[in-house]
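Subject: Structure handover

Hello,

The structure you asked about is below. My notes on what was found follow it.

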There are 2 protein chains.
Amino acid sequence: MNDLEKKLRDAGLRPTKQRLLISHYLFSGPQMHVTADSLYSELIDRDINISLATIYNVLNVFTSHGLLREISIDPSRSYFDTNIKRHYHYYFEKTGKLEDISIEELKISPMPEKKNGFDVNCVDVVIRVDG
Amino acid sequence: MNDLEKKLRDAGLRPTKQRLLISHYLFSGPQMHVTADSLYSELIDRDINISLATIYNVLNVFTSHGLLREISIDPSRSYFDTNIKRHYHYYFEKTGKLEDISIEELKISPMPEKKNGFDVNCVDVVIRVDG
DNA sequence: CAACTAGTTTAGAATAGTTCTAAAATAAAC
DNA sequence: GTTTATTTTAGAACTATTCTAAACTAGTTG
């Protein structure tokens, strides 16, 4: 059983052909940010034909099983981040590109843990920049 | 010339009937968060019939002229905030409600001013909570 | 491995939020 | 009051995403 197959099984997901192909693209190289559409095109470019419905399925199921993190940047598109550790983002408004900011670079205090008795699921920080 | 009319003119906008009605709803009471749909329904409830196309027009033009701020929370809908001063948000995922966090309550350091020579337009912080 | 079961993929239809179109209405300027 | 530019509107169009239901596949059981 290879690394990617293990990664999927550990997340409680069946390692299907499509999920493994997508995982190979997403998780074998450097960390990346994708949209459903950008992922679909990149796979087509590599002669990997997976239906758009499956791309959406896989992105959603990977997100709900903790393999990806969804980022709300632009109300017209969902971005997904292969880096699931706590971190923040620069967003370059002209180019649409994202860049990570580590929690060492940017401090938030007090880091909220609870609100009205509810758990904090996630702290999203987006610094929007021209250019 | 009343306050709302002045507010629109100062922003470089013609004070049309529809813009004044929407301004009255948005800017005469306490600060609020709306979506196109929530604003449309609230106006219908008050027997103010403005087409949905105009609601979208007005929200967009108010945002581009600095009377509203758009918040990226949920990729399926755009939220607009009548509070245009720097502040942050709690987002209650189950109810879809927003609550403000003042910059006194939550500190970010170092507050970014520039990135790669580009100005920082805006620092968005969203704390997602269950409930 | 053959049969079975539950989960997955797919094309295409459906949906939801938003923008576009072009005609009628209105605000501001002359 | 006439003219001109802007705004509003209904409905069509568009785009990102989800749904549907049939075909397929992974994992399980005998």
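By class, the surface near DNA strand D consists of 6 nonpolar, 8 polar and 5 charged residues. Here Ala, Val, Leu, Ile, Met, Phe, Trp, Tyr, Cys and Pro count as nonpolar, Asp, Glu, Lys and Arg as charged, and the others, Gly among them, as polar. A residue is near a strand if one of its heavy atoms lies within 4 Å of it.

This is a predicted model, in which local features need pLDDT of at least 70 and side-chain atom pairs count only at pLDDT 80 or more, while totals for chains, interfaces and linings use all residues. Residues are numbered from 1 along each chain as its sequence is written, chains are lettered from A and ligands numbered from 1 in the order in which they are written, and side-chain values use heavy atoms, with hydrogens and water left out.

DNA strand D

Of the 19 residues around DNA strand D, those that come nearest are A:Arg9, A:Tyr56, B:Thr16, B:Gln18 and B:Thr54. Of the atoms of DNA strand D that come within 4 Å of the protein, 82% belong to sugar and phosphate.

- An N or O atom in the side chain of A:Tyr56 is 2.4 Å from a phosphate oxygen of DNA strand D.
- B:Ser51 has a polar backbone atom 3.3 Å from a phosphate oxygen of DNA strand D.

At least two residues of this surface come from each of helix H4 (52–64) and S3 of chain A, and helix H2 (17–27) and helix H4 (52–64) of chain B. Helices (H or I, at least four residues) and strands (E, at least two) are DSSP runs, numbered from the N terminus.

A:Arg9 also forms a salt bridge with A:Glu5 (2.8 Å, N to O); the term means a side-chain nitrogen of Lys or Arg within 4 Å of a carboxyl oxygen of Asp or Glu. The two residues are separated by about one helical turn because they are 4 residues apart in helix H1 (residues 3–10) of chain A.

Chain A against chain B

The contact (heavy atoms within 4.5 Å) takes 33 residues from chain A and 33 residues from chain B. The buried area is about 2,800 Å², with carbon and sulfur atoms giving 53%; buried area is the accessible area (1.4 Å probe) that two parts lose on being put together, summed over both. In chain A, A:Pro75, A:Lys115 and A:Arg128 lose the most area to chain B, together 20% of what that side buries. The interface has 4 salt bridges. A:Lys115 forms a salt bridge with B:Glu99, with the closest N and O atoms 2.9 Å apart.

Domains of chain A

Chain A is divided into domain 1 (1–84) and domain 2 (85–131), with bounds from an automatic or database domain assignment. Taken over C-alpha atoms, the centres of the two domains are 21 Å apart. Their contact takes 11 residues from domain 1 and 13 residues from domain 2. About 1,000 Å² is buried between them, 46% of it from carbon and sulfur atoms. On the side of domain 1, A:His33, A:Arg69 and A:Ile73 lose the most area to domain 2, together 51% of what that side buries. The count between the domains is 1 salt bridge. A:Asp124 and A:Arg69 form a salt bridge, their closest N and O atoms being 3.2 Å apart.

Regards

Conventions. A polar contact is a pair of N or O atoms within 3.5 Å; within protein, one must be able to donate a hydrogen and the other to accept it, and residues adjacent in sequence count only if both atoms are side-chain atoms.
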